[in-house]
Amino acid sequence: MNPTNLESVIRDRNIGDVGKEMYELISTLYPICRSITGKGVRDSLHIIQSHVPLEIREVRTGTQVFDWTVPQEWNINDAYIKDSSGEKIVDFKQSTLHVVGYSAPVKAKMRLGELRKYLHTLPEHPDWIPYRTSYYTESWGFCIRERQLRAMKDDLYEVCIDTSLTNGSLSFGELLIPGKEANEVLISAHICHPSLCNDNLSGVAIATLLAKLLTRLSLRYSYRFIFIPATIGAIAWLAANERTASKVKHGLVLACAGDSGQSTYKKSRRNDAEIDRAVSHALKDSGAPYRVIDFSPFGYDERQFCSPGFNLPVGCLMRTPHAEFSEYHTSADNLDFVHPESLADTFWKIVSAFFILEHNKRYLNRKPQGEPQLGRRGIYRAVADQTDGGGRERALLWVLNQSDGSKSLLDIADQSGMEFGAIKRAADVLLDCELLKEVPTSAERSA
Ligand code: ZN
């Protein structure tokens with residue numbers, strides 16, 4: 001049976017093994033050398049297109065996007081360091097991280113003393129390769145293991161970086177899944193890192209599977225997914241959508257969402273936007289430990305969406321934040337660092353948060369003078385029948401009492417300390433027996 005709404009998806013979870021599917025997508029994308037522009041991003045977007053009907057958009061080199069200019073397109077064929085015997089001791093084909101991202105082309109011979117200036121290592125983790133980029137100043141370099149550097153003899157080395165920087169374009173992927181309302185939920189993942197799993201591919205995989213799920217459902221909101229190079233991609237998207245960005249009523253940036261740590265939600269700049277409250281509530285309802293942290297102008301593309309000229313209600317959902325795991329931006333952020341169960345756990349928490357957004361409406365109690373007689377309507381079971389500790393009845397009484405038209409179901413769930421799902425089911429029962437009526441949302445009033 002194909003699910004038709006989020007409620008049945010959450011209840012039945014009959015959409016296959018999403019954790020495994022996301023992990024397989026990450027494994028497919030992992031070897032590709034991505035950067036902020038170039039073939040690696042396009043190849044990655046084409047792979048995502050095999051799951052969802054993404055549109056690939058191109059922004060030409062030199063395009064002015066607010067205070068930035070879209071840079072030249074970077075592509076790489078090969079890169080290596082050979083010793084004097086001709087042996088390749090560093091080979092881009094072994095790891096995309098070996099080359100500093102956006103390295104200018106170079107072909108030269110040099111002794112170790114000179115070459116050292118272009119080698120980056122992590123002395124505190126001698127077996128890990130660091131991830132470095134040089135986007136907006138032209139330079140070149142290699143990233144290698146500290147242990148390898150220590151073993152390198154004074155020799156004449158041949159260095160080759162076969163890259164090109166040419167006028168081309170910046171690519172990003174976009175998919176709009178229309179709902180009943182034109183109001184949008186924005187989901188954004190960055191797609192500019194090479195072989196790094198948690199930082200980059202976890203968000204990409206979760207966003208892809210969410211999009212795949214939502215395309216099959218009947219939805220209240222329209223959902224817009226964007227797969228963009230960090231910073232410049234978000235700024236380019238905002239520049240192209242400056243006049244319509246206000247349609248974004250809720251948004252989530254997904255990053256570092258597949259490690260084994262607990263979930264961390266970083267609130268939007270607004271601090272108490274509906275998305276902030278919905279994600280916080282979904283995390284609480286999950287029963288697992290979690291953290292909610294305040295907005296800060298560091299991190300991922302929430303920095304751009306929450307810049308003061310837009311101030312969109314966009315938060316960031318992670319597991320372990322980037323500053324808090326030593327594998328961050330190293331070769332240790334690999335296929336062993338992310339887990340199908342963690343990816344699936346994040347996925348289901350987002351589904352729960354979207355369920356809250358979809359059903360967070362306001363209602364009016366139609367019999368507000370005293371409590372209506374629920375027993376007469378057959379919806380108030382005898383105390384002896386209670387199998388859920390009276391939760392169902394408590395939910396009915398909370399919804400009836402608070403539904404004066406000013407409180408949303410999320411307000412009631414927060415105030416009562418009950419799960420959103422229980423409050424929503426109570427509202428459904430009360431609507432069925434005409435004790436409640438819906439207060440139209442502003443989108444419905446203007447439709
Ligand atoms: Zn990063």
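Student: Hi! What should I know about the model before we start?
Tutor: It is predicted, so local features need pLDDT of at least 70 and side-chain atom pairs count only at pLDDT 80 or more, while totals for chains, interfaces and linings use all residues. Residues are numbered from 1 along each chain as its sequence is written, and side-chain values use heavy atoms, with hydrogens and water left out.

Student: How many cavities of 30 Å³ or more turn up in the whole structure?
Tutor: Two. On a 1 Å grid over the protein atoms alone, a cavity is a set of points where a 1.4 Å probe fits but cannot get out, and lining residues have an atom within 4 Å of a point. Grid points are joined across faces, edges and corners, and a volume is the space filled by probe spheres set on the points.

Student: What volume does the largest cavity have, and which residues line it?
Tutor: About 50 Å³. Its lining is C33, R34, W74, T96, L97, V99, G101, Y131, R132 and P194. At least three of the lining residues come from each of domain 1 (6-70 + 169-359) and domain 2 (74-166); the domain bounds come from an automatic or database assignment.

Student: And the second largest cavity, what lines that?
Tutor: E184, R224, W237, N241, T244, A245, K247 and V248, around a volume of about 30 Å³. The lining has three nonpolar, two polar and three charged residues. Here Ala, Val, Leu, Ile, Met, Phe, Trp, Tyr, Cys and Pro count as nonpolar, Asp, Glu, Lys and Arg as charged, and the others, Gly among them, as polar.

Student: New topic: what is the volume of the largest pocket?
Tutor: About 450 Å³. A pocket is an open set of points with protein on both sides within 12 Å along at least five of seven lines. This one is lined by 18 residues, and I10, D285, S352, F355 and E419 lie nearest its centre.

Student: Where does the largest pocket lie, and why?
Tutor: Between domain 1 and domain 3 (362-446), because both give residues to its lining.

Student: Which helix gives the largest share of that lining?
Tutor: Helix 10 (residues 340-359), with seven residues. Helices are DSSP runs (H or I, at least four residues), numbered from the N terminus.

Student: How do helix 8 and helix 10 cross?
Tutor: Their axes come within 8 Å and cross at roughly 125 degrees. Axes are lines fitted to C-alpha atoms over the stretch in contact, and angles run from 0 to 180 degrees between N-to-C directions. Helix 8 and helix 10 are therefore oblique to each other (under 35 degrees is roughly parallel, over 145 roughly antiparallel, 65 to 115 roughly perpendicular and the rest oblique).

Student: What about helix 6 and helix 10?
Tutor: The axes of helix 6 (residues 197-214) and helix 10 come within 10 Å and cross at roughly 50 degrees.

Terms used:
Helices (H or I, at least four residues) and strands (E, at least two) are DSSP runs, numbered from the N terminus.
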